[in-house]
Amino acid sequence: MPDLLTASNKLVQSLKEELNAQSAMARQGEQVRQQLELSENNVCDLEKKICDLAESLSNARSEVKSLSAKLSASRAAEASVKNPGSTFKPGEMGHKSAPSEIVLTAQAKEDLYGDLTGLIVRGMKRGDSGNVFDCIQTGRNGTLHFKLALDNGEDPESYNDIQFTYRPQLDTDRDSDLIRMLPDYLVEEITFPRTQASKFYSRVIKSLTERLD
C-alpha cells in the first residue's frame, strides 16, 4: 500500500511539472506572437514611410522639371521680345527699347495660364501649311514635351475641317518611366480635328495628374 501511495505521489508530481513546463511554453509562445505582431506593424509602418518618401521624391522631381521648363520658356520669351535696334543719345552707345505693354500683357497671361494648367508654350513657328507650337505639359506623374501642328484655315467655314497633329518629343532614356505610364496614343503621332482639341487635352491632363495604382 505505501508503494502504491508513493507511486501516485510521483505521478501527480510529474503531471504538475509537465503542466508547469507547458504553461511556460505557452507564455513564451505568446511573447513570440506579440513580438511578431509588433514586427509586422513596424514593417507596415516602414513600407508606408517608403511609399510616402517615394511619392514625395517623384513630386519633387516633377516640380524640378516643371520649374526648369518654365525657366527655359521664360528665357526664350524674354529673348523674343527684346528689340535688337538701338536708340542713340549723346554720349551713349544706345539702348534696347523696352517690350511694349501689349507684349508684357500677353506674357503675363501666358504665365498665368501655365501656373493654372501646367501647360507651357515654349514657342511657335509659322509655316506655309500651318503653325507648330512647342509645348510642355507638367504634372505629378511627369513632364511631357510635345509639339502641336495646327493647319492653316483662315476661312471661318472651314473651322471643323482644321486638323491638329500631335508629335510627342520623347526620349527612350530620359522618359522611360513616362513612356511606360502613358497610354499608347500619347507615345506616337496622332491627328485629330480642332473640335476635339479640348477632349485631347483633358486626356493629357488625366494621364499626367491622375494618381497611379
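User: What is the mean pLDDT of the chain?

Analyst: The mean is 80, and 76% of the residues reach 70 or more; pLDDT is the predictor's confidence in each residue, from 0 to 100. Over residues 83–95 the pLDDT is below 50. Where pLDDT is low, the predicted coordinates should not be read in detail.

User: Why is Cys135 called buried, and what makes Cys44 partly exposed?

Analyst: Buried means under 20% relative accessible area, exposed over 50%, and partly exposed in between (1.4 Å probe, protein chains only). Cys135 has 4%, so it is buried. Cys44 has 48% and is therefore partly exposed.

User: How many disulfides are there?

Analyst: The count is zero, where a disulfide is a pair of cysteine sulfur atoms within 2.5 Å.

User: Why does Asp175 count as buried, and where is its place?

Analyst: Its relative accessibility is 5%, so Asp175 falls in the buried class. Asp175 sits in the loop between strand 4 and helix 3 (176–181). Helices (H or I, at least four residues) and strands (E, at least two) are DSSP runs, numbered from the N terminus. Leaving aside residues up to four places away in sequence, Asp175 touches Gln169 and Leu170, a contact being heavy atoms within 4.5 Å.

User: What makes strand 1 and strand 5 edge strands?

Analyst: Five strands form an open antiparallel sheet in the order 1-2-3-4-5. Strand 1 (119–126) and strand 5 (190–193) each pair on one side only, and are the edge strands.

User: How do you know that strand 1 and strand 2 pair?

Analyst: Two strands pair if DSSP finds at least two bridges between them. Strand 1 and strand 2 (residues 130–139) have seven bridges, in the antiparallel sense. Among the residues involved, Gly123 has Asp134 in strand 2 as its bridge partner.

User: What makes Phe192 and Phe200 a stacked pair?

Analyst: Rings of Phe, Tyr and Trp (its six-membered ring) pair if their centres lie within 6.5 Å; planes under 30 degrees apart count as stacked, over 60 as edge-to-face and the rest as tilted. The structure holds four aromatic pairs. Phe192 and Phe200 are 4.6 Å apart centre to centre with 25 degrees between the planes, and this pair is stacked. Both residues, Phe192 and Phe200, are buried.

Technical notes:
Residues numbered from 1 in each chain as written. Predicted model: local features only at pLDDT ≥ 70, side-chain atom pairs only at ≥ 80, totals over all residues. Heavy atoms only, no water.
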